[in-house]
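Let us walk through this model together, one site at a time. Please keep the sequence and the 3D view open side by side as you read.

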Amino acid sequence: MEHVRDLTLLPKAHLHLHFTGSMRPSTLLELADKYGVRLPDALTAGEPPKLRATDERGWFRFQRLYDAARSCLREPDDIRRLVREAAEEDVRDGSGWLEIQVDPTSYAPLLGGMIPAVEIILDAVDSASRETGLGMRVVIAANRMKHPLDARTLARLAVRYGDRGIVGFGLSNDERRGMARDFDRAFAIAREGGLLAAPHGGELAGPASVRDCLDDLHASRIGHGVRAAEDPRLLQRLSDRQITCEVCPASNVALGVYERPEDVPLRTLFDAGVPMALGADDPLLFGSRLAAQYEIARRHHAFTDQELAELARQSVRASAAPEEVQAKLLAGIDHWLTG
Ligand SMILES: [Zn+2]
(Lines give C-alpha, C1' and ligand atoms only; values in the text may rest on other atoms or scores of the structure.)
Protein backbone atom coordinates (compact mmCIF):
# COMPACT_ATOMS: atom_id res chain seq x y z
CA MET A 1 0.00 0.00 0.00
CA GLU A 2 1.29 3.41 -0.91
CA HIS A 3 2.09 5.73 1.91
CA VAL A 4 -0.22 8.75 2.00
CA ARG A 5 1.55 11.87 3.19
CA ASP A 6 -0.33 13.97 5.71
CA LEU A 7 -1.13 17.41 4.25
CA THR A 8 -1.37 18.99 7.69
CA LEU A 9 2.36 18.23 8.02
CA LEU A 10 3.28 19.91 4.73
CA PRO A 11 4.87 23.27 5.62
CA LYS A 12 3.19 26.14 3.81
CA ALA A 13 2.50 29.86 3.93
CA HIS A 14 -1.05 31.13 4.29
CA LEU A 15 -1.46 34.38 2.40
CA HIS A 16 -5.22 34.78 2.05
CA LEU A 17 -7.15 34.80 5.31
CA HIS A 18 -9.55 37.53 6.40
CA PHE A 19 -9.72 38.69 9.98
CA THR A 20 -13.32 38.04 11.08
CA GLY A 21 -13.58 35.21 8.56
CA SER A 22 -10.86 33.31 10.41
CA MET A 23 -13.00 32.98 13.55
CA ARG A 24 -13.86 29.58 14.99
CA PRO A 25 -17.63 29.01 14.78
CA SER A 26 -17.67 28.09 18.48
CA THR A 27 -15.96 31.39 19.34
CA LEU A 28 -18.55 33.30 17.34
CA LEU A 29 -21.34 31.63 19.34
CA GLU A 30 -19.62 32.47 22.64
CA LEU A 31 -19.05 36.10 21.70
CA ALA A 32 -22.60 36.50 20.41
CA ASP A 33 -23.78 35.17 23.74
CA LYS A 34 -21.47 37.51 25.66
CA TYR A 35 -22.86 40.57 23.87
CA GLY A 36 -26.45 39.41 23.41
CA VAL A 37 -26.13 39.54 19.62
CA ARG A 38 -28.80 37.60 17.79
CA LEU A 39 -26.97 35.94 14.92
CA PRO A 40 -28.64 35.07 11.61
CA ASP A 41 -29.66 31.39 11.52
CA ALA A 42 -27.12 30.77 8.77
CA LEU A 43 -24.33 31.42 11.29
CA THR A 44 -25.68 29.19 14.04
CA ALA A 45 -26.77 26.19 11.98
CA GLY A 46 -23.46 24.40 12.53
CA GLU A 47 -22.72 24.03 8.85
CA PRO A 48 -21.54 26.50 6.23
CA PRO A 49 -24.34 28.66 4.81
CA LYS A 50 -25.38 28.26 1.20
CA LEU A 51 -24.33 31.39 -0.61
CA ARG A 52 -24.26 32.45 -4.20
CA ALA A 53 -22.23 35.60 -4.52
CA THR A 54 -22.16 35.62 -8.29
CA ASP A 55 -25.26 37.76 -8.22
CA GLU A 56 -25.35 40.99 -6.24
CA ARG A 57 -28.02 39.78 -3.83
CA GLY A 58 -25.95 36.76 -2.91
CA TRP A 59 -22.89 38.93 -2.35
CA PHE A 60 -24.94 41.29 -0.22
CA ARG A 61 -26.14 38.36 1.85
CA PHE A 62 -22.55 37.17 2.29
CA GLN A 63 -21.54 40.67 3.44
CA ARG A 64 -24.45 40.78 5.90
CA LEU A 65 -23.35 37.52 7.49
CA TYR A 66 -19.80 38.82 7.65
CA ASP A 67 -21.00 42.05 9.29
CA ALA A 68 -23.03 40.10 11.85
CA ALA A 69 -19.95 38.09 12.80
CA ARG A 70 -17.81 41.22 12.94
CA SER A 71 -20.28 42.90 15.29
CA CYS A 72 -19.29 40.32 17.92
CA LEU A 73 -15.70 41.63 18.06
CA ARG A 74 -15.96 44.55 20.47
CA GLU A 75 -13.10 44.53 22.94
CA PRO A 76 -9.33 44.19 22.67
CA ASP A 77 -9.67 40.78 24.36
CA ASP A 78 -11.92 39.57 21.54
CA ILE A 79 -9.34 40.69 18.98
CA ARG A 80 -6.54 38.95 20.87
CA ARG A 81 -8.57 35.76 21.10
CA LEU A 82 -9.47 35.83 17.40
CA VAL A 83 -5.86 36.26 16.31
CA ARG A 84 -4.51 33.65 18.72
CA GLU A 85 -7.07 31.09 17.58
CA ALA A 86 -6.41 31.88 13.93
CA ALA A 87 -2.73 31.20 14.60
CA GLU A 88 -3.50 27.96 16.46
CA GLU A 89 -5.70 26.70 13.63
CA ASP A 90 -3.03 27.59 11.09
CA VAL A 91 -0.30 25.77 13.03
CA ARG A 92 -2.57 22.71 13.20
CA ASP A 93 -2.84 22.83 9.41
CA GLY A 94 0.89 22.99 8.82
CA SER A 95 1.17 26.71 8.22
CA GLY A 96 4.60 28.13 9.00
CA TRP A 97 3.73 31.69 8.04
CA LEU A 98 0.44 33.58 8.12
CA GLU A 99 -0.43 36.92 6.56
CA ILE A 100 -3.81 37.93 7.93
CA GLN A 101 -5.85 40.53 6.09
CA VAL A 102 -7.82 43.22 7.86
CA ASP A 103 -9.61 46.49 7.19
CA PRO A 104 -9.17 48.27 10.55
CA THR A 105 -11.87 50.79 9.59
CA SER A 106 -14.51 48.21 10.49
CA TYR A 107 -13.18 47.75 14.02
CA ALA A 108 -12.16 51.34 14.72
CA PRO A 109 -15.49 52.65 16.13
CA LEU A 110 -15.54 50.10 18.97
CA LEU A 111 -11.83 50.18 19.67
CA GLY A 112 -11.40 53.91 20.07
CA GLY A 113 -10.43 54.93 16.54
CA MET A 114 -8.19 53.84 13.69
CA ILE A 115 -4.82 54.15 15.42
CA PRO A 116 -5.88 52.22 18.55
CA ALA A 117 -7.51 49.59 16.32
CA VAL A 118 -4.32 49.09 14.32
CA GLU A 119 -2.21 48.99 17.48
CA ILE A 120 -4.50 46.45 19.15
CA ILE A 121 -4.42 44.25 16.05
CA LEU A 122 -0.62 44.45 15.72
CA ASP A 123 -0.12 43.74 19.42
CA ALA A 124 -2.47 40.76 19.13
CA VAL A 125 -0.45 39.46 16.18
CA ASP A 126 2.80 39.85 18.15
CA SER A 127 1.44 37.92 21.12
CA ALA A 128 -0.15 35.20 19.02
CA SER A 129 3.09 34.79 17.12
CA ARG A 130 5.06 34.50 20.35
CA GLU A 131 2.60 32.08 21.94
CA THR A 132 2.27 29.74 18.96
CA GLY A 133 5.66 30.12 17.26
CA LEU A 134 3.94 30.93 13.98
CA GLY A 135 5.44 33.77 11.94
CA MET A 136 2.64 36.28 11.35
CA ARG A 137 2.24 39.55 9.52
CA VAL A 138 -0.66 41.79 8.50
CA VAL A 139 -2.07 42.90 5.15
CA ILE A 140 -4.18 46.04 5.47
CA ALA A 141 -7.07 45.94 3.02
CA ALA A 142 -9.06 48.87 1.75
CA ASN A 143 -12.71 48.45 0.88
CA ARG A 144 -13.67 49.04 -2.75
CA MET A 145 -17.16 50.09 -1.71
CA LYS A 146 -15.72 53.10 0.10
CA HIS A 147 -14.23 56.32 -1.24
CA PRO A 148 -10.71 56.14 -2.75
CA LEU A 149 -9.66 58.87 -0.31
CA ASP A 150 -10.38 56.48 2.55
CA ALA A 151 -8.10 53.97 0.86
CA ARG A 152 -5.33 56.57 0.67
CA THR A 153 -5.64 57.33 4.37
CA LEU A 154 -5.47 53.63 5.08
CA ALA A 155 -2.41 53.20 2.83
CA ARG A 156 -0.58 55.96 4.70
CA LEU A 157 -1.46 54.34 8.01
CA ALA A 158 -0.29 50.95 6.74
CA VAL A 159 3.05 52.41 5.61
CA ARG A 160 3.48 54.14 8.94
CA TYR A 161 3.15 50.80 10.73
CA GLY A 162 5.25 48.90 8.19
CA ASP A 163 8.02 48.21 10.69
CA ARG A 164 5.47 46.92 13.20
CA GLY A 165 4.36 43.99 11.06
CA ILE A 166 2.31 45.31 8.17
CA VAL A 167 3.68 43.86 4.94
CA GLY A 168 1.01 44.40 2.33
CA PHE A 169 -1.87 46.45 1.07
CA GLY A 170 -5.04 44.91 -0.34
CA LEU A 171 -8.37 45.84 -1.84
CA SER A 172 -11.44 43.77 -1.08
CA ASN A 173 -15.20 43.59 -1.53
CA ASP A 174 -17.28 43.52 -4.71
CA GLU A 175 -15.01 43.65 -7.77
CA ARG A 176 -17.98 44.56 -9.92
CA ARG A 177 -18.20 47.96 -8.21
CA GLY A 178 -15.99 50.87 -9.18
CA MET A 179 -12.69 50.65 -10.99
CA ALA A 180 -9.35 49.43 -9.71
CA ARG A 181 -7.92 52.62 -11.22
CA ASP A 182 -9.81 54.70 -8.64
CA PHE A 183 -7.46 53.21 -6.04
CA ASP A 184 -4.20 53.70 -7.93
CA ARG A 185 -3.00 56.53 -5.69
CA ALA A 186 -3.59 54.49 -2.55
CA PHE A 187 -1.61 51.62 -4.03
CA ALA A 188 1.19 53.95 -5.12
CA ILE A 189 1.48 55.19 -1.54
CA ALA A 190 1.58 51.61 -0.28
CA ARG A 191 4.18 50.44 -2.83
CA GLU A 192 6.41 53.47 -2.34
CA GLY A 193 6.23 52.77 1.38
CA GLY A 194 7.62 49.28 0.78
CA LEU A 195 4.40 47.28 1.04
CA LEU A 196 3.47 44.61 -1.43
CA ALA A 197 0.31 45.20 -3.45
CA ALA A 198 -2.18 42.36 -3.15
CA PRO A 199 -5.64 43.43 -4.35
CA HIS A 200 -8.55 41.05 -4.92
CA GLY A 201 -9.30 40.43 -8.59
CA GLY A 202 -10.51 37.73 -10.92
CA GLU A 203 -13.00 36.24 -8.50
CA LEU A 204 -16.44 37.75 -9.07
CA ALA A 205 -15.25 39.57 -12.18
CA GLY A 206 -13.40 38.10 -15.15
CA PRO A 207 -9.85 38.37 -16.53
CA ALA A 208 -10.20 42.13 -17.13
CA SER A 209 -10.28 42.68 -13.37
CA VAL A 210 -6.95 40.86 -13.04
CA ARG A 211 -5.46 42.96 -15.84
CA ASP A 212 -6.65 46.09 -14.02
CA CYS A 213 -4.87 44.93 -10.86
CA LEU A 214 -1.65 44.53 -12.85
CA ASP A 215 -1.89 47.67 -15.00
CA ASP A 216 -3.41 50.14 -12.55
CA LEU A 217 -2.32 48.87 -9.13
CA HIS A 218 0.95 47.12 -10.07
CA ALA A 219 -0.07 44.11 -8.03
CA SER A 220 2.63 41.65 -7.09
CA ARG A 221 0.02 39.19 -5.83
CA ILE A 222 -3.63 38.79 -6.77
CA GLY A 223 -6.31 37.84 -4.26
CA HIS A 224 -8.00 34.90 -6.02
CA GLY A 225 -7.14 35.63 -9.67
CA VAL A 226 -8.68 32.32 -10.75
CA ARG A 227 -10.71 33.88 -13.54
CA ALA A 228 -7.41 34.59 -15.32
CA ALA A 229 -7.81 30.99 -16.46
CA GLU A 230 -10.26 32.30 -19.08
CA ASP A 231 -7.50 34.22 -20.86
CA PRO A 232 -4.36 32.35 -22.01
CA ARG A 233 -2.43 35.56 -22.72
CA LEU A 234 -3.11 36.79 -19.21
CA LEU A 235 -1.94 33.47 -17.80
CA GLN A 236 1.26 33.86 -19.79
CA ARG A 237 1.73 37.33 -18.39
CA LEU A 238 1.19 36.16 -14.80
CA SER A 239 3.61 33.33 -15.39
CA ASP A 240 6.28 35.51 -17.06
CA ARG A 241 6.20 37.97 -14.18
CA GLN A 242 5.68 35.27 -11.54
CA ILE A 243 2.68 37.05 -10.05
CA THR A 244 1.18 34.75 -7.43
CA CYS A 245 -2.55 34.12 -7.31
CA GLU A 246 -3.90 33.56 -3.80
CA VAL A 247 -6.34 30.83 -4.82
CA CYS A 248 -9.09 29.82 -2.39
CA PRO A 249 -10.84 26.75 -3.84
CA ALA A 250 -13.39 26.10 -1.07
CA SER A 251 -14.37 29.76 -1.05
CA ASN A 252 -14.84 29.74 -4.84
CA VAL A 253 -17.25 26.84 -4.59
CA ALA A 254 -19.07 28.20 -1.52
CA LEU A 255 -19.66 31.53 -3.25
CA GLY A 256 -20.69 29.97 -6.53
CA VAL A 257 -17.73 31.25 -8.57
CA TYR A 258 -17.43 27.61 -9.63
CA GLU A 259 -20.02 24.91 -9.31
CA ARG A 260 -17.82 22.08 -7.98
CA PRO A 261 -14.31 21.76 -6.49
CA GLU A 262 -13.12 20.08 -9.68
CA ASP A 263 -14.18 23.17 -11.67
CA VAL A 264 -11.73 25.50 -9.88
CA PRO A 265 -8.97 25.89 -12.51
CA LEU A 266 -6.07 24.78 -10.31
CA ARG A 267 -4.61 22.66 -13.12
CA THR A 268 -4.91 25.42 -15.68
CA LEU A 269 -2.99 27.88 -13.54
CA PHE A 270 -0.44 25.31 -12.39
CA ASP A 271 0.28 24.03 -15.89
CA ALA A 272 0.56 27.60 -17.19
CA GLY A 273 3.29 28.24 -14.63
CA VAL A 274 1.28 30.75 -12.61
CA PRO A 275 2.42 30.54 -8.97
CA MET A 276 -0.34 29.94 -6.46
CA ALA A 277 -0.71 30.31 -2.72
CA LEU A 278 -3.74 28.32 -1.62
CA GLY A 279 -5.78 30.04 1.08
CA ALA A 280 -8.92 29.55 3.15
CA ASP A 281 -10.32 33.09 2.71
CA ASP A 282 -13.13 32.93 5.34
CA PRO A 283 -13.18 29.55 7.10
CA LEU A 284 -15.96 30.77 9.40
CA LEU A 285 -18.32 31.04 6.44
CA PHE A 286 -16.91 28.39 4.11
CA GLY A 287 -16.28 25.63 6.62
CA SER A 288 -12.72 24.64 5.74
CA ARG A 289 -9.24 25.76 6.63
CA LEU A 290 -5.81 25.75 5.02
CA ALA A 291 -4.90 22.06 4.70
CA ALA A 292 -8.34 21.36 3.21
CA GLN A 293 -7.45 23.53 0.20
CA TYR A 294 -4.46 21.30 -0.54
CA GLU A 295 -6.73 18.31 -0.02
CA ILE A 296 -8.97 19.67 -2.81
CA ALA A 297 -5.95 19.87 -5.12
CA ARG A 298 -5.07 16.27 -4.26
CA ARG A 299 -8.53 14.76 -4.36
CA HIS A 300 -10.26 16.70 -7.13
CA HIS A 301 -7.32 17.66 -9.35
CA ALA A 302 -5.04 14.65 -8.86
CA PHE A 303 -2.08 16.73 -7.70
CA THR A 304 0.73 14.34 -6.80
CA ASP A 305 2.73 14.84 -3.62
CA GLN A 306 5.53 16.38 -5.74
CA GLU A 307 3.04 18.85 -7.15
CA LEU A 308 1.51 19.59 -3.74
CA ALA A 309 5.00 20.26 -2.43
CA GLU A 310 5.55 22.63 -5.34
CA LEU A 311 2.29 24.44 -4.46
CA ALA A 312 3.55 24.80 -0.90
CA ARG A 313 6.90 26.16 -2.19
CA GLN A 314 5.04 28.69 -4.31
CA SER A 315 3.13 29.90 -1.25
CA VAL A 316 6.35 30.33 0.69
CA ARG A 317 8.16 32.16 -2.11
CA ALA A 318 5.24 34.58 -2.54
CA SER A 319 5.16 35.41 1.15
CA ALA A 320 6.77 38.37 2.85
CA ALA A 321 8.58 36.01 5.20
CA PRO A 322 12.25 36.83 5.84
CA GLU A 323 14.74 34.77 3.88
CA GLU A 324 15.74 32.54 6.80
CA VAL A 325 12.09 31.70 7.50
CA GLN A 326 11.54 30.87 3.84
CA ALA A 327 14.64 28.69 3.76
CA LYS A 328 13.46 26.77 6.81
CA LEU A 329 9.99 26.23 5.34
CA LEU A 330 11.40 25.14 1.98
CA ALA A 331 13.68 22.66 3.72
CA GLY A 332 10.65 21.39 5.64
CA ILE A 333 8.79 20.87 2.38
CA ASP A 334 11.68 18.80 1.00
CA HIS A 335 11.68 16.81 4.20
CA TRP A 336 7.94 16.20 3.89
CA LEU A 337 8.56 14.68 0.46
CA THR A 338 11.62 12.60 1.29
CA GLY A 339 11.30 12.01 5.04
ZN1 LIG B 1 -10.60 37.36 0.13
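Contact here means heavy atoms within 4.5 Å. The model is a predicted one, in which local features need pLDDT of at least 70 and side-chain atom pairs count only at pLDDT 80 or more, while totals for chains, interfaces and linings use all residues. Numbering starts from 1 along each chain as its sequence is written, and side-chain values use heavy atoms, with hydrogens and water left out.

Setting aside neighbours within four places in sequence, Ser172 touches His18, Ala141, Ala142, Asn143, Arg144 and His200. Ser172 is buried, at 14% relative accessible area, where buried means under 20%, exposed over 50% and partly exposed in between (1.4 Å probe, protein chains only).

Two of those partners, His18 and His200, lead us to the metal. The zinc ion is held by His16 (NE2), His18 (NE2), His200 (NE2) and Asp281 (OD), at 2.1 to 2.4 Å. Donors are N, O and S atoms within 2.8 Å of the metal (3.2 Å for Na, K and Ca), and sites may look incomplete because water is not among the atoms. Along the chain, the spacing of these donors reads H-x1-H-x181-H-x80-D. His18 sits in strand 1 (residues 12–18) and Asp281 in the loop between helix 12 (266–271) and helix 13 (283–286), so this pair ties together parts 263 residues apart in sequence. His18 is buried at 11% relative accessibility, and Asp281 is buried at 2%.

What is the arrangement of the 4 donor atoms around the zinc ion? Their angles run from 85 to 175 degrees, so the arrangement is irregular. For four donors, tetrahedral requires all angles between 85 and 135 degrees; four count as square planar and six as octahedral if opposite donors are over 155 degrees apart and all others between 65 and 115; anything else is irregular.

Now turn to helix 15 (residues 305–317) and helix 16 (residues 323–338), whose axes come within 10 Å and cross at roughly 175 degrees. That makes helix 15 roughly antiparallel to helix 16, a label for angles over 145 degrees. Residues that meet across this pair include Ala309, Ala312 and Val316 in helix 15, and Leu329, Leu330 and Ile333 in helix 16.

Terms used
Helices (H or I, at least four residues) and strands (E, at least two) are DSSP runs, numbered from the N terminus. Axes are lines fitted to C-alpha atoms, for helices over the stretch in contact, and angles run from 0 to 180 degrees between N-to-C directions. Angles under 35 degrees count as roughly parallel, over 145 as roughly antiparallel, 65 to 115 as roughly perpendicular and the rest as oblique.
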